[in-house]
Amino acid sequence: MDARKRNRPETGRKGSGANKRRLRDIFRHPLAGHPIAKGLLIAGVVGVTLAFIALSVAYLRFAQIIDEKLEAGPISNSAMLFAAPRKVAVGDDVDIEEIVGQLRASGYTDSRSNRLGWYNVRPDAVEIFPGKDSFAPGEGAVIKFTGRRVSQIISLRDNTDRTEHLLEPELLTNLFDRDRKKRRIVAFHDLPKTLVNAVIAAEDKRFFQHAGFDPIRVLKAAYVNVREERISQGASTLSMQLAGDLWLDRKERTWRRKAGEVLITLHLERKLTKEQIFEYYANQIYLGNVGSFSIHGFGQAAQAYFNKDIRHLTLPEAALLAGLPRGPNLYNPFRNSARAKARRDWVLDQMLENGAIGEPEYREAIDAPLGVAAGGADAGDAPYFVDLAYNWLRQRYPSLDFQSQGYRIYTTLDMNLQREAVEALRVGLKEVDDRCRRLGRTREKGWPEVQAALVALDPRTGAVRALVGGRHYGGSQLNRALAKRPPGSVFKPFVFATALNTALEDTPYVLTTTTHVADEPTTFWFDDKPYEPKAYQETYFGDVTLRRALAKSLNVPTVRVAEMVGYDHVVDLARRCGLNMNILPTPAVALGSYEVTPLEIAGAYTVFANRGEVLKPYQVQMIRETDGEPLFESAPAATPVLDPRVAYLMVDLLQEVLRSGTGVRARALGFSAPAAGKTGSSHDGWFAGFTSELLSIVWVGYDDYRDIKMEGAQTALPIWTEFMKRALNYREYRKAKPFEAPDGIVNVEVDPVSGKLAAGGCGSSPQKEVFIAGTQPVEMCDGRGTQVAGWQVGADEPALVAASGGKPRVAVRRPVDFPTGRGEPPKEQEPKPKKKGFFGRILDIFR
């Protein structure tokens, strides 16, 4: 028999026998027979038994609760809001690196196991494979390049050529709950290794070795606390922190709570893998407040502090986030940059000590700046836009729970434009703040902070591409893009559009861009009450054309034109363009005295940018249920309001605003793309303008409604210009084209003084002017008739029919010359009485 086998049982028997003898000796002790000793012994056995039973019951109770929560998902997965998908088309000026960068920003990797999608880079192409959770599962593509240009797009569904492909949209945010908690759920495999190592170094060095409790850490913490005579170190592991966060109140400092934490930790370690525990911890942990939101989880923290996807964190960024759990607001980099850097550097020290990083990496990371995102959540999460979309969701689907169900909501937001809008507002408001300081408007003197809003739309669809509702969302959640304020002169184009529409309406007279009206002190009577609009700086220009009146934003001519065409007709057009029903037909309406929102103005201006058709702004284009089935898809519909010819005349007038009028500063600031726009000054500053590719509105003012006492050209226009210049850096918006005239528009040279056709010897330089065909002047400034653009016209011709593609359209009537040159409609002449005979005169005697 083998010696080891022979000896082992004997050793066991000897040990067993010795134990039995010692136990017998205890009970044979003289005191053992004493009644008190027997009672204590029995009580001890009963106490241990009862304690064991109580602990078992408590464990089973906790285990049931834990299992139920784990099965349901310990962290609620709220609805996710995505930005708009980015379009790539054949011929686009873009390279492979830019496309790959967009895919990575959207969550794609080169791993085939990625549920969202993966990509493969070839020397001359990128292969894109959407996953199960993709915006368009199964719609893969190969995008081929020739230099910096897309040369071919091949669908992987059917191997056919396509002209364009939609890239995966970026995750904008998860919808916050009623406590304004925000988190972005991430899987363990999405966490960069540097972040995992940083968290382990800062919070639990032996996490992957211990079974939920770290005896070494407990002893060390006890020694340090005794030495320093205070509780300066804790011994909670990541598992214990997760147990306290998910199932207990960590603010409670009792032995009962600590015992519950221990039992929960035991069950978690038995039930879950280390990777699962770390994943739950990474999504649950509180990491401070940014703005008005409570940030939970490293996925949301990466977005809030660095405006980037968690997969793209650098080593120093990961170390900063890993240092936050110990004191989320104490080490908040937006509030305490020095403390945040010191804490980050301590985490890097621990990582170096643990061997997670080398000396060169450590030195480089220590020297790196904090690098937190300028604007914080305002730049990355588009909080004002999210609020707008969330309010729409609750109104449209009041019975759905978007806070605890994983709906996927695809919005219209362009993340690039959104970031540029935030930055443009920051740059522009700095200039406004400087002006205010020079004027003595400081907080010390009781002046509040100037606020601003920006809205950008796709002029062809009405899709909201960017929206900023204030300068700091954390300071105020009031969305100024939805706040009603008087628009001032931004409203004037609707007056002039009504006037130019007289060429197609049954009105007593026709107004054109060359019609003269008087700019002089005037009292307008309405409802037996006087209305006396004032000119800017009390400067009047006499007789002016409609073109100059709008370009220079002249008040009296605008009210005069509104009176001529009818205030009710102006209001009717404004309402049909989407402005609210509170606008009333009074003289004040011409100068934008009735309140509207910047978002309403943005939608209304689509009537000019979109050839007379109005598009209602919208922000959600698709909703998918948790199983991927579509719940909602938007179908933007354009509503015809103006004839395309009238819309084009307005675009031409609004281009004049930027050429020679109140908007000329936009050109001086370096914006050179074809564009049209209008300044506005009321209590506030406004600018509304558009190119063929993008429409944007800017408002600047005070929340308390006090007068900013600065023109829109000084406050809103620079912000609009900065934003539009930045938009031109992106291929979707850089191809702004000149505005094309529809059929039925003629261009002629006119004498600016008389408004008649230009001819040599009239004493003034000719000026090019546009007209709806049939309304152009027919008489030379020297009195001769002419033939223009193929039209045979004469001074006595009452009406013509404009041509559009060779087909008859709306009858177009000749403009009337106002005898006074003051804009009053000509009075109807009474018919001359017939000459009476002898008997007629005799009869009059008896009347």
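**Strands and helices, talked through**

Colleague: Happy to look at this predicted model with you. In which sense do S11 and strand S12 (residues 293-296) pair?

Modeller: The pairing of S11 with S12 runs over three bridges. Within it, asparagine 289 stands opposite serine 294 in S12. The sense of the pairing is antiparallel.

Colleague: Nice. What is the order of the strands in the open sheet of three strands?

Modeller: The pairing in this open sheet is mixed. Strand S10 (181-183) and strand S11 (286-290) each pair on one side only, as edge strands. From one strand to the next, the twist averages 30°. The order is S10-S12-S11.

Colleague: And which helix lies across S10, S11 and S12?

Modeller: The helix in question spans residues 298-306 and runs at about 30° to S11. That is helix H9.

Colleague: Let's turn to strand S8 (residues 164-167): which residues form its covered face?

Modeller: S8 pairs with strand S2 (residues 86-89) in the antiparallel sense over four bridges, and lysine 87 stands opposite leucine 166 in S8. Leu166 belongs with Glu164 to the uncovered face. The covered face is His165 and Leu167.

Colleague: Good. Are helix H4 (residues 193-203) and helix H11 (residues 337-354) roughly parallel or roughly perpendicular to each other?

Modeller: Their axes are 9 Å apart, and the packing angle is about 95°. Angles of 65 to 115 degrees count as roughly perpendicular. H4 and H11 are therefore roughly perpendicular.

Colleague: Last one: how many residues of the contact of H4 with H11 are nonpolar?

Modeller: H4 contributes residues including Ala198 and Ala201, and H11 residues including Trp346 and Val347. Four of the contact residues are polar and two charged. The nonpolar ones number six.

Terms used
Residues numbered from 1 in each chain as written. Predicted model: local features only at pLDDT ≥ 70, side-chain atom pairs only at ≥ 80, totals over all residues. Heavy atoms only, no water. Pairing = 2+ DSSP bridges. Helix = DSSP H or I, 4+ residues; strand = E, 2+ residues; numbered from the N terminus. Axes fitted to C-alpha atoms, helices over the stretch in contact; angles between N-to-C directions. Contact = heavy atoms within 4.5 Å. Buried < 20%, exposed > 50% of the residue type's maximum accessible area, 1.4 Å probe, protein only. Parallel < 35°, antiparallel > 145°, perpendicular 65-115°, else oblique. Nonpolar A, V, L, I, M, F, W, Y, C, P; charged D, E, K, R; others polar.
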